[in-house]
Amino acid sequence: MAMASIFSLTYVVAPVWMFVAVIYLIKSPFSQDAWLFALPVFLSMIIDPPQMPWILNHMAPVLDYFQYEDIMETSNDEIFDMVNNKKKRILFAATPHGVFSYGALCRAIAEPYEMKVLKTAVAPGVQYVPFVRNIVGIFGFVSASAASLKRNFRNEGIAGCVVLYVGGMAELFQSSRDEERLYLSKRKGFIKLALREGVEVFPVYFFGNTSALSILKGPLLTFLSRRLQISVTIIWGRFGLPIPRDDKIMCVIGRPLGIPHIENPSDADVNRWHSKYCSEVKRIFDKYKEKAPLYKNKELYIT
């Protein structure tokens with residue numbers, strides 16, 4: 001529980017520490033204590049967080065805490081063959097977002113070491129928030145902008161692939177323990193990018209991402225979060241604290257969509273492959289939800 005809570009606690013501690021540091025410096029700009037208190041914030045902002053996949057090898061207890069299960073419709077060997085021998089790049093189009101993707105954390109811990117160099121695309125705001133950027137940096141991240149993703153696709157092997165949360169910040173505020181709502185209908189840019197770059201798309205579903213933590217919702221919080229590109233809300237889980245619940249988490253990696261390379265895709269091309277992606281997400285949800293106790297009676301809504 002403690003190991004899993006480090007990540008959610010960072011989301012709570014970071015803004016509080018930043019706020020107190022700013023107030024402290026404003027009230028006592030010449031105080032050595034004030035500058036020492038603010039020093040970790042400045043260091044976090046100016047030092048690029050290194051990707052540290054080796055840390056994940058020491059986090060196996062997290063898998064037991066979440067009763068984690070890996071379901072792969074496409075094996076790691078098939079993925080390696082596609083990337084290393086066929087020289088394809090892969091966009092793992094993941095959903096749902098959740099407050100923090102404990103599904104992705106579990107997958108990163110469980111997957112082969114060769115896969116741990118796989119980076120995650122994050123909202124630009126996450127890259128600049130002290131402490132949060134360092135925690136996310138453990139997994140390795142790139143900006144979710146199209147230009148950044150295109151640069152990443154030029155890398156060799158698994159390092160040229162990326163995980164992208166399609167629903168993004170908007171989906172976060174649809175999270176609920178009672179129903180599963182995905183914000184996908186208007187999210188077509190990743191399909192257009194994949195078509196233009198000839199990148200394969202794999203649907204990935206994280207059962208349990210939306211139930212590990214709850215959030216305070218509201219139009220103002222949604223607006224601020226989307227504008228700032230980082231969640232602005234209150235989170236809680238077990239005991240009313242930012243401790244993730246120990247509901248079962250599953251990661252399902254689906255089959256490749258078979259995306260063709262079309263340098264100038266039409267709207268019809270984009271809509272066709274986007275529709276296929278949404279259909280595959282729905283198929284995965286319906287096929288495997290019985291294996292996750294909290295999901296047995298849930299329905300999936302795509303908005």
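Does Asp 286 count as buried, partly exposed or exposed, and at what relative accessibility? In this predicted model, Asp 286 counts as partly exposed, at 34% relative accessibility. Its salt-bridge partner is Lys 282, with N and O 2.6 Å apart. Lys 282 is partly exposed too, with a relative accessible area of 32%. Both residues belong to helix α12, which covers residues 267–288. They sit four residues apart there, or about one turn of the helix.

Salt bridges turn up elsewhere as well, and the count comes to 14. One of them joins Glu 299 to Lys 289, where the closest N and O atoms are 3.7 Å apart. This pair links distant parts of the chain, 10 residues apart, with both Glu 299 and Lys 289 in the loop between α12 and β11 (300–302). Glu 299 is partly exposed at 42% relative accessibility, whereas Lys 289, at 10%, counts as buried because the cut-off for buried is under 20%. Glu 73, Arg 255, Glu 280 and Arg 283 make up one network, joined by salt bridges that share partners. Another bridge brings together the side chains of Lys 86 and Asp 81, at 3.8 Å from N to O. Here Lys 86 is exposed, at 56% relative accessibility, and Asp 81 is partly exposed, at 28%.

Now for the rings. Across the whole structure, a search finds 15 aromatic pairs. In one of these, the rings of Tyr 205 and Phe 207 have centres 4.7 Å apart and planes at 45°, so the pair counts as tilted. Tyr 205 and Phe 207 are both buried. Ring pairs also tie Trp 17, Tyr 24, Phe 37 and Phe 131 into a cluster. Some rings have a charged side chain over the face: Arg 181 lies over Tyr 301, at 4.5 Å from the ring centre, and Lys 298 lies over Tyr 295, at 4.3 Å from the ring centre.

Arg 133, found in helix α7 (residues 132–137), is a buried residue with 6% relative accessibility. Setting aside neighbours within four places in sequence, Arg 133 has contacts that include Ser 44, Met 45, Asp 48, Tyr 128 and Phe 141.

The surface has a nonpolar patch, with about 750 Å² of accessible area together. It is formed by Leu 9, Val 12, Val 13, Val 16, Phe 19, Val 20, Val 22, Ile 23 and Ile 26. Ile 26 lies in helix α1 (residues 2–27) and is exposed, with a relative accessible area of 60%.

Definitions and conventions. Residues are numbered from 1 along each chain as its sequence is written. This is a predicted model: local features need pLDDT of at least 70, side-chain atom pairs count only at pLDDT 80 or more; totals for chains, interfaces and linings use all residues. Side-chain values use heavy atoms; hydrogens and water are left out. Patches are made of residues with over 30% relative accessible area and no salt bridge: like charges are joined within 9 Å, nonpolar side chains (Val, Leu, Ile, Met, Phe, Trp, Tyr) within 5 Å. Accessible areas come from the Shrake-Rupley method with a 1.4 Å probe; for residues, only the protein chains shown count as cover. A salt bridge is a side-chain nitrogen of Lys or Arg within 4 Å of a carboxyl oxygen of Asp or Glu. Helices (H or I, at least four residues) and strands (E, at least two) are DSSP runs, numbered from the N terminus. Buried means under 20% relative accessible area, exposed over 50%, partly exposed in between (1.4 Å probe, protein chains only). Rings of Phe, Tyr and Trp (its six-membered ring) pair if their centres lie within 6.5 Å; planes under 30 degrees apart count as stacked, over 60 as edge-to-face and the rest as tilted. A charge sits over a ring if NZ of Lys or CZ of Arg is within 6 Å of the ring centre and within 35 degrees of the ring normal. Contact means heavy atoms within 4.5 Å.
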